[in-house]
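My entries follow the display.

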Amino acid sequence: MGNTNVAVIFYSMGGTNYQMAKWAAEAAEAKGAEVRVLKVQELAPESVIEGNPAWKATVEATKDVPVASSEDIEWADALIFSTPTRFGNVPSQMKQFLDIQGGLWGSGKTVNKVVSAMSSAQNPHGGQEATILSLYTSMMHWGAIIVPPGYSDASAFSSGGNPYGTSVTVDQDGKMVEDVEAAVKHQAQRTVTTAEWVKQGNQ
Ligand SMILES: Cc1cc2nc3c(=O)[nH]c(=O)nc-3n(C[C@H](O)[C@H](O)[C@H](O)COP(=O)(O)O)c2cc1C
């Protein structure tokens, strides 16, 4: 059995979810996984991004990160998503990425992907769970195997305690309020472990 392949797929306007994706990647690699960190395609008009310094800085910081494709999903045994909350839902950029996978879904290649999701929002109760649940709804249609962190590790309690998927509050300056690094890393490693179980059981 080869390494477990993990695609960490994020959208980020202010850098939070990019950082969470990098923590997840680091933890998955430490578990021996082969990891790809991938962004979803930006859809916002350039003029809008230009007018927002934080957004512009994130675009610049992630310019060398490859854009996720169907091939990445096909390659991956596990998918870890990190996405901001937009009006209590996934951003259109992330939704569009899911919505262009009809062909892959139609050929049965989304079945049995082991998936887990993380989120962020500006308010402690700003819709993080709803965002993660929205993404998980699509994953049910994919026939994916959803791996929530639950309270499977003490890190959940010190990071805000979201059992759906690690989530963080982001203040007015774009800084993370809770320390979620350990929770992100635990979630990523739990996802890798589950993907290993599925892969081994499938041999
Ligand atoms: C259009 C828009 C809608 C948003 N909706 C919410 C919301 O419903 N609840 C909330 O707490 N924060 C909301 N936010 C704040 C973002 O969730 C927050 O900036 C994001 O999680 C930071 O992640 P990032 O740094 O990876 O972009 C919204 C931001 C934008 C731009």
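These are my notes, in the order I made them.

I am working on a predicted model, where local features need pLDDT of at least 70, side-chain atom pairs count only at pLDDT 80 or more, and totals for chains, interfaces and linings use all residues. I number residues from 1 along each chain as its sequence is written.

I checked the UniProt record: an unreviewed entry annotates residues 6-192 as "domain: Flavodoxin-like". Such annotations may be inferred rather than shown by experiment. Over residues 6-192 I read 42% helix and 17% strand. The end C-alpha atoms of that stretch are 7 Å apart. Helices (H or I, at least four residues) and strands (E, at least two) are DSSP runs, numbered from the N terminus.

**Helix pair.** I looked up α1 (residues 16-30) against α9 (residues 181-202). Their axes come within 8 Å and cross at roughly 50°. Axes are lines fitted to C-alpha atoms over the stretch in contact, with angles from 0 to 180 degrees between N-to-C directions. From α1, the contact uses M20, W23, A24, A27 and A28. From α9 come E181, V184, K185, A188, Q189 and V192. Contact means C-beta atoms, placed from the backbone, within 7 Å.

**Ligand.** Which residues come nearest to the ligand? Of the 19 around it, I noted G14, T16, P84, A121 and G126. Near means a C-beta atom, placed from the backbone, within 6 Å. α1 and β4 (114-121) are the elements giving two or more residues to this shell.

Methods: Contact = placed C-beta atoms within 7 Å.
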